Amino acid sequence: MAARLLSFPNPVNEVSARLVAGGVVIMCAVAITLDQRWLIAVIAYGFVARVLTGPTLSPLGQLVTRVITPLLGVAAKPVPGPPKRFAQGIGAVLSMTAAVLAFWFHLPVAAYAVLGVIAVAATLEAVFALCLGCAIFAGLMRVGVIPEAVCQECNDIRNRTQAAAREA
């Protein structure tokens, strides 16, 4: 049961991933512009939940995968899961850093600066399908920090790019 709960989908529907990123952008923008520090905790929880369980324990992940994506009626676009999990991990580290800055050190401006970084990365994902965490993951695979066995689909980005170009 625990192994099933603590799993991450592979592949991931990129449509849902981009919608979740859009939700993160909105929450970061509201937290920063309206000085709603409590949202930092919600954002951090969401990232940690998504790293550990994919959308299973993430309210935003559940809303997107069960309600919003099906309502859109667009075809799923499967992409490898490990880079997306890595990206969620970066978001978890950054959002937890923002929470520590805001609640432990009482430095809301610094916390909001970190949320701004998260918002920029999430905007790139939501609007342009440019996942910075996935790009870092690919770079780490290229230099051998992440073994190729972690993501067989990620091994050769040129093959995926060429295949996508043929489909277009």
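A residue is classed as buried under 20% relative accessible area, as exposed over 50%, and as partly exposed in between. In the predicted model, lysine 77 has a relative accessible area of 46% and is therefore partly exposed. The residue takes part in one of the 3 salt bridges that the structure holds.

The partner of lysine 77 in this salt bridge is glutamate 14, with 3.0 Å between the closest N and O atoms. The two residues lie 63 residues apart and link distant parts of the chain. Glutamate 14 belongs to helix H2 (residues 14-33), whereas lysine 77 is located in the loop between helix H4 (59-72) and strand E2 (78-79). Glutamate 14 has a relative accessibility of 8% and so counts as buried.

A salt bridge is also formed between the side chains of glutamate 125 and lysine 84, at an N to O distance of 2.9 Å. This pair, too, connects distant parts of the chain: glutamate 125 is in helix H6 (residues 108-128) and lysine 84 in helix H5 (residues 81-104), with a separation of 41 residues. Glutamate 125 and lysine 84 are both buried.

Aspartate 35 and arginine 37 form a further salt bridge, in which the closest N and O atoms are 3.7 Å apart. Aspartate 35 is partly exposed because its relative accessible area is 42%. Arginine 37, at 33% relative accessibility, is likewise counted as partly exposed.

Terms used:
Residues numbered from 1 in each chain as written. Predicted model: local features only at pLDDT ≥ 70, side-chain atom pairs only at ≥ 80, totals over all residues. Heavy atoms only, no water. Salt bridge = Lys/Arg side-chain N within 4 Å of Asp/Glu carboxyl O. Helix = DSSP H or I, 4+ residues; strand = E, 2+ residues; numbered from the N terminus. Buried < 20%, exposed > 50% of the residue type's maximum accessible area, 1.4 Å probe, protein only.
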